[in-house]
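Subject: Structure handover

Hello,

Please find the structure below. My notes on it follow.

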Amino acid sequence: MGVPRYVYTDKQQPTVHGAMAAVSTEIRERAAEHGIDHVTLELVNLRASQINGCAFCLHLHTHLALRAGESPQRIAVLPAWRESGLFTRVEQAALRIAEAVTLVAERHLTDDEYDLLREDLTDDQLALLIYAASMINAFNRISILSHHPVTYREEFGALPRTSRGTSRGTSRAADR
């Protein structure tokens with residue numbers, strides 16, 4: 001079988017990964033103290049993961065969002081959040097931040113956009129959402145470059161008929 005092609009950076013350097021996880025925990029705790037709920041943070045995680053194309057993080061944060069009380073409908077329309085009318089002003093501000101952080105190489109938040117964000121967020125909330133979006137972007141890159149597999153989770157329901165009996169999505173699970 002030979003040496004695995006990919007390096008699972010979280011397994012290779014567990015203390016670094018643990019430190020990143022600790023930062024994420026700190027962000028969640030401070031966010032809760034400043035009135036940012038868990039669902040809003042999971043929306044940030046999902047939107048950044050959608051843009052980055054991180055299957056592992058999409059899978060994980062969909063589960064966490066559902067467990068936190070998010071609806072399947074809102075998760076389904078998240079890529080079109082601006083047009084859906086289903087998200088609160090605070091959630092919309094959080095999603096604007098998630099997109100700005102994720103796409104920072106393409107564009108930056110303008111002064112007018114910052115003013116708009118401050119209509120719905122305190123400076124502490126704004127800072128914490130920037131941190132949250134930055135952390136999920138880091139985790140997206142680690143998962144993508146590590147080729148973290150998406151494995152079947154029973155709590156998500158049955159596999160589609162075309163996936164039953166195949167190893168699709170679990171082919172590297174044995175390497176972990």
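Leaving aside neighbours within four places in sequence, V44 is in contact (heavy atoms within 4.5 Å) with A94, L95, A98, L129, A132, A133 and I136.

This is a predicted model, in which local features need pLDDT of at least 70 and side-chain atom pairs count only at pLDDT 80 or more, while totals for chains, interfaces and linings use all residues. Residues are numbered from 1 along each chain as its sequence is written, and side-chain values use heavy atoms, with hydrogens and water left out.

V44 is also among the residues with the most contacts inside the largest nonpolar core, together with I36, L41, I97, L121 and L129. A nonpolar core is a set of buried Ala, Val, Leu, Ile, Met, Phe, Trp, Tyr and Cys residues joined through side-chain atoms within 4.5 Å; buried means under 20% relative accessible area (1.4 Å probe, protein chains only). This core has 25 residues. Helices here are DSSP runs (H or I, at least four residues), numbered from the N terminus. Apart from this core lies another, of nine residues, including L43 and W81.

Now to S24. Its place is in helix α2 (residues 14-33). S24 counts as buried because its relative accessible area is 13%. Not counting residues up to four places away in sequence, S24 touches M135 and F139. S24 and M135 are 111 residues apart in sequence, yet 6.8 Å apart in space, C-alpha to C-alpha.

Regards

Conventions:
Helices (H or I, at least four residues) and strands (E, at least two) are DSSP runs, numbered from the N terminus. Buried means under 20% relative accessible area, exposed over 50%, partly exposed in between (1.4 Å probe, protein chains only).
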